[in-house]
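Here is a short briefing on one protein chain, arranged by topic. Please read it alongside the structure.

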Amino acid sequence: MPTTRFRPALTMRGVTLTYPDGQNRVTALDDVDLTVGRGEIAAITGPSGSGKSTLLAVAATLARPDRGEVLFDTAAAGAVDLARLSRRDASRVRREHIGIVFQQSNMVSSLTALEQLEVMTHLGQRFAVSRVARRRTRERAAALLDAVGLADHAGKRTGQLSGGQRQRVNLARALMNDPTLLVIDEPTSALDQERGAAIMDLILEVAREHDAATLLVTHDRRHLHRMDSVHRVVDGVVTTLDTVAA
Ligand SMILES: Nc1ncnc2c1ncn2[C@@H]1O[C@H](COP(=O)(O)OP(=O)(O)OP(=O)(O)O)[C@@H](O)[C@H]1O
Ligand SMILES: [Mg+2]
């Protein structure tokens, strides 16, 4: 496997995950080795049903592999094996260190764009939040909406936003807690070419700026040359490609 020029943030070793399938099991990930460093943007490609979303789910602690290690290195908490965390610890790591952008975004339709971002910070906090902390949260939310070009739409509810604008709210929301790891599943599939390219520019820019290790599933080959690494998934087997050849 090629060595990465980035400081490793996520290292998968021998990760295998199967799903029940009638009497048998289907192997969605088959002995996967993968390393993504801080500030590295890793593209994940491959045919439908090959295991891409499952790979992201494992990285984001949303699915637990049958076998293998998922070593995650946060500057604050040190290295942990995500495959061995309790549910409770996994949800804490996810909340504090991982930004998730899935296609079927879980946005609360009654909240405004600004509020969608604000709730991220105080989620799971057991004590009353001070006014100062709330103000800081609001300022960060406003700055991120501005960064994704939605400053003028901060007060709009989800239902009043276009698909592309919602994708941008999703991205801003995933960055709220300054994640070490960003997992993004097919951000451009619902968008036209121009908006797709703009979202991709934005992802590359914010991921680099935040020094987040980024796993990005995309079918769009036109953007692959801009990624730091490209990994192809076929039948659950991951092969790391030479970026130039991809
Ligand atoms: N919850 C589940 N239960 C059973 N099988 C599943 C489940 N989720 C995914 N699978 C199966 O695991 C395999 C990998 O699915 P996955 O969703 O990871 O593919 P994908 O590469 O993301 O595909 P697509 O490009 O269509 O999104 C497929 O064969 C799929 O049918
Ligand atoms: Mg998928």
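The largest cavity holds about 30 Å³ of space, a volume being the space filled by probe spheres set on grid points joined across faces, edges and corners. A cavity here is a set of points on a 1 Å grid over the protein atoms alone where a 1.4 Å probe fits but cannot get out, and lining residues have an atom within 4 Å of a point. This is a predicted model, in which local features need pLDDT of at least 70, side-chain atom pairs count only at pLDDT 80 or more, and totals for chains, interfaces and linings use all residues. Residues are numbered from 1 along each chain as its sequence is written, and side-chain values use heavy atoms, without hydrogens and water.

**Cavity**
- The count is 1 cavity of 30 Å³ or more.
- Val 101, Gln 167, Leu 171, Ile 184, Pro 187, Ile 199 and Ile 203 line the largest cavity.
- H5 and H6 are the elements that give two or more residues to this lining.

**Helix pair**
- Helix H5 (residues 163-174) and helix H6 (residues 193-210) have axes that come within 11 Å and cross at roughly 10°; axes are lines fitted to C-alpha atoms over the stretch in contact, with angles from 0 to 180 degrees between N-to-C directions.
- H5 and H6 are therefore roughly parallel (angles under 35 degrees).
- Gln 167, Arg 168 and Leu 171 of H5 make the contact with Ile 199, Leu 202, Ile 203 and Val 206 of H6 (heavy atoms within 4.5 Å).

**Whole chain**
- The chain has 6 helices and 10 strands, which are DSSP runs (helices H or I, at least four residues; strands E, at least two) numbered from the N terminus.
- Its C-alpha atoms fill a box of roughly 50 × 40 × 40 Å along the principal axes.

Conventions:
Chains lettered and ligands numbered in written order. Parallel < 35°, antiparallel > 145°, perpendicular 65-115°, else oblique. 1 Å grid on protein atoms, 1.4 Å probe; cavity = no way out; pocket = protein on both sides within 12 Å on 5 of 7 lines; lining within 4 Å.
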